[in-house]
Amino acid sequence: MHKKACVAMLLAGGQGSRLGILTQKLAKPAVPFGGKYRIIDFPLSNCNNSGIDTVGVLTQYKPLALNSYIGIGSAWDLDRMNGGVFVLPPYVKEQGGEWYKGTADAICQNSNFIDRFNPETVLILSGDHIYKMDYSLMLEFHQKQQADATIAVIEVPLDEASRFGIMNTDNEQRIIDFEEKPAEPKSNLASMGIYIFSWPVLKKYLFEDELNQDSTHDFGHDIIPKMLADKRNLRAYSFRGYWKDVGTVESYWQANMDLLGEKPELNLYDSKWRIYSSNPPRPPHYTSTTAKITNSIIAEGCLILGEVENSVLFPDVYVGPGAKVKNSIIMSGAHIEDHVVTDKAIIGRKTVLKQGTVVAAKKLDGQQKIVVLDIDMIIPPHTTIEASLSCSPPEDALCKREE
Amino acid sequence: MIDLMGIINLNEAEEHLGELSRSRSLASIPFAGRYRLIDFVLSNMVNSEISNVGIFIQHKYRSLVDHLRSGKDWDLARKRDGLFVLPPAYTRTPMQVHRGDVENLYSNLDYIYQSRQKYVIIAGANIVSNMDYRVILEYHKNTEADITVLYTKANCGTHDCVRSNILGLSPEGRVLTISEFKDTGGYQNMSIDMFIMKKDLLIDLVNQCIARGDYDFVKHCIIKNVKKLKVYGYHHPGYAARISSLQSYFQHSMELLNPHIWKELFFKSGLIYTKVKDEAPAKYIHETEVTNSLIASGCYVEGKVENSILFRGVKVLKGAYIKNSVIMQKGNIGPGVILENVICDKDVHITANKQLKGEYSYPLVIKKGRVI
C-alpha cells in the first residue's frame, strides 16, 4: 500500500433526529435530496472532484439504506484498486466492543484503518451539508501554513452566529479562540465541520482524549479546544459559496427550494463539478397535453398529467390529471392521483395519495408549516391532512400492505 | 441461469438514415431521449438472464465502443462471460475483401465455439422493443424447431416495411417462405430478424455458407434453408419498432409520446439500460408550456415544447418554440427560435430567432455539432 497524501473520513453515523419522519427509517446522510441525490452524494462527489480517492464512511445509526447505497463506491468512481470507499461500522475488539461515543472517538476507533494508508493528513467531513467544495485547495492551504489543523469556516449573519461553532482569528487566519454555540459571538466565522489534521498530531490527541473520562470525545468540544490550549498551529480556511445545513425539516425543505429558479446559488448543471449519484435506469419523463409545469425540477421516469409548481419531483412520480402539486418535495415512486392537492408537503417514497386528498397545513398568520408524510403510506380518497404523519407497520391502516 | 447466449449482429443497412448515420453505425444512433438503438436489444438480453453477449461490429464503431466500454452499465462486466465486442478479422476471409456479415461470424467462430451455452439468439440492433427472450426460448424448445424466427404484425400501410423480410406461415406457425417485402400495404408478418437456434446449428450454417462462397447471414444461411430445416415463427405481440430509414426513425420517435407505448417499452418486462451520464434532473423555469413531450435529465426548459423529445442536457431558452421535433444531447435552442419537424443531432446550437421547418413525412436533420 503506498502512501496517501490525504485520507477522508466521513462521519455518517448521526441520527439527525430533528429531521423527524425523514430519518425515522434511514440515516441522515441517506436522506434523498434535490430530485435525484442523497445528502451523502455531496461530500463524496466533492472528494472525487478534489482528487481524494480514499474515503472511510463511519456508520452507526440505521445503516442499511446507507450501506447498500454506498456499495463499492462505483457511483462516485470510488471503486479503486488502491484506496476507494470503505464503510466503517463500530466493531468488537478483544476488550469488548462499543458504539462510537463521539466524532473523535469514531476516528480513534478506526486509527488502524487510517494507518494502513499512512497519510500525511486526514480530512474530516460530515454527511449533513449541501455544498460544493474543492478540498484540494484547503489541503494546499493547510500544507502552505504548515498547520497542525485547518478548519473550514464560512461567514454567517451575526444574529445567527450563536447556532454555530465560532472562530476568532488573527490577520494570518490563525485561530486564537474557538467557542461552541456562544451566546455572544465575537465574530461571524462559523465552523463548517470540515477539518484537515496532520495525522501524527491528531493521532496523539485522539489517544490522549480517549483516556480522559470527562471528555465527550467530540472534535468541536474536546479536541479543538485542547489543541488551542496547547498553542498548536490552527488555521481557519475561508470558504465562499453555497453551504447549507439540512438539519431540520425547514432547512431541508428550504435547501430543496433553493435549487429552483434561473440561477440558483448551487449549480447542479456544472459539468466540471458534477454531483455523482446512482443513476436509476429510467426513461425521460413524460408530460401530457394536460400537464402544466412551473419552476420545478423533475426527474426521469415521472408521468405528469396535472399541475406542478415550485416543486422537486424524484424519479417515477405519477401526478394524475387535475392534481396540483405546489411547493412540495415528492420522493421517488410516489403516486399522486387525480385532483389531489399538496402544498408545502414532503411526500415519502412510494406513498399513494388517493384521489381528492388534500395535504397542506393551515396557514396561521401567513405562516404555513411543512407537512411530512412517511414512506409507503396509502392515504384514502378525499382525506384532508394538515399535520405530519408516519406509519408503523404492520397494524397501521395507513401503511401499504405487503403485496 | 439460462442456457442461451446472445449475438448482436450489426449488419443493418444504415445509409437510409442519412445524416444520423454519417459518423456512427445504426446501433449507436441516439433514440428516445437518452438511449442508443443497441440499448434495447442489449437490455432485453440482460433482462432475460443472458450473461454472454457478443457484438459483431462492422465499421464506424468508434461511438459504439465509447458507448459500451466494459459493459458495466448493462451489468455485463463479468469475470465469466460478459460482453465481447468482435470486429471483423479481414485476414481470414478469402481475397481479404469484406462482403457480408457471415464472414465476420466466421472470423470470430472461436468465440462462438468456446461459449458454454447450448442455444443462441441472433439479433440486430434496429428493433426497438421490450421482450423476454426466456419465453421465446421455451417456445423454441416446445416446437422442437431448428430455428425460431421472431416476427411482428406490422402495418405496412402506414409504416416503413421496405427491405424487411415477410414470413409466409402455415396455420401451425411453421415458416414456409421468407421473402423480401413487396410494395403491398396492410398488416404483414414482418420478420424482426431475431433467430433462436442451437449454437451447433449456427456454426454449421456459417461453415456451409463460407464453403459455398456465400456471405449474407439472413439471405444465405436462413432463407436458403427454410425448406430444409424446421423453421418456426414466433409472434411478438407487443410493441416493436423497426428503424430502417429517417422516416421510420422520426415516426417511431413520435410514437413514444403515447404513454401506453412509453410504459410498455421502458417498464414491461425489464428496464432499459444505457451509459450513465450523471446529469441533474430536468429543470423548468417560470411558466413553461411543455405538453405531450419526453424530457430527459439535465434539460433546462424556459420555452415552449410540444410533441417533442428532448435528450439529456438540452437547453430551450426563452420564447423558443419546439414542435414535433427531436433534439439530441446537449442541443442549445436559443431565444425566440422556432423549430417544427426538425431532428437536431448532438451538440447543435440554434442561435436566437432562427426558424427551421421540415415536413412531418420528411423531417429536417441538422448535422452534429452545427451552429446555425
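A cavity is here a set of points, on a 1 Å grid over the protein atoms alone, where a 1.4 Å probe fits but cannot get out, and lining residues have an atom within 4 Å of a point. A volume is the space filled by probe spheres set on the points, which are joined across faces, edges and corners. The model is predicted, with local features needing pLDDT of at least 70 and side-chain atom pairs counting only at pLDDT 80 or more, whereas totals for chains, interfaces and linings use all residues. Residues are numbered from 1 along each chain as its sequence is written, chains are lettered from A and ligands numbered from 1 in the order in which they are written, and side-chain values use heavy atoms, with hydrogens and water left out.

**View 1. The largest cavity holds about 130 Å³ of space.** Among the 15 lining residues, those closest to the cavity centre are Lys36(A), Asn279(A), Glu300(A), Glu279(B) and Ser297(B). The lining comprises five nonpolar, three polar and seven charged residues, where Ala, Val, Leu, Ile, Met, Phe, Trp, Tyr, Cys and Pro count as nonpolar, Asp, Glu, Lys and Arg as charged, and the others, Gly among them, as polar.

**View 2. The second largest cavity holds about 30 Å³ of space.** It is lined by Leu259(A), Pro264(A), Leu266(A), Asn267(A), Leu268(A), Tyr269(A), Ile297(A) and Lys283(B), a set that divides into six nonpolar, one polar and one charged residues.

**View 3. Cys391(A) and Cys399(A) form a disulfide (a pair of cysteine sulfur atoms within 2.5 Å).** Their sulfur atoms are 2.2 Å apart, and the torsion about the S-S bond is about 115°, so the disulfide is right-handed.

**View 4. Cys156(B) and Cys161(B) form a disulfide with sulfur atoms 2.1 Å apart.** The link is left-handed, with -90° about the S-S bond. Cys156(B) is buried at a relative accessible area of 9%, and Cys161(B) is buried at 2%.

**View 5. An open sheet of five strands in chain B has the order E15-E18-E21-E24-E27, with parallel pairing.** Strands are DSSP runs (E, at least two residues), numbered from the N terminus, and two strands pair if DSSP finds at least two bridges between them. Strand E15 (289–291) and strand E27 (355–357) of chain B stand at the edges, each with a single partner strand, so one side of each lacks a neighbour in the sheet. Strand E24 (residues 338–340) of chain B pairs with E27(B) in the parallel sense over three bridges, and Glu340(B) stands opposite Lys357(B) in E27(B).

Notes: Helices (H or I, at least four residues) and strands (E, at least two) are DSSP runs, numbered from the N terminus. On a 1 Å grid over the protein atoms alone, a cavity is a set of points where a 1.4 Å probe fits but cannot get out, and a pocket is an open set with protein on both sides within 12 Å along at least five of seven lines; lining residues have an atom within 4 Å of a point. Buried means under 20% relative accessible area, exposed over 50%, partly exposed in between (1.4 Å probe, protein chains only).
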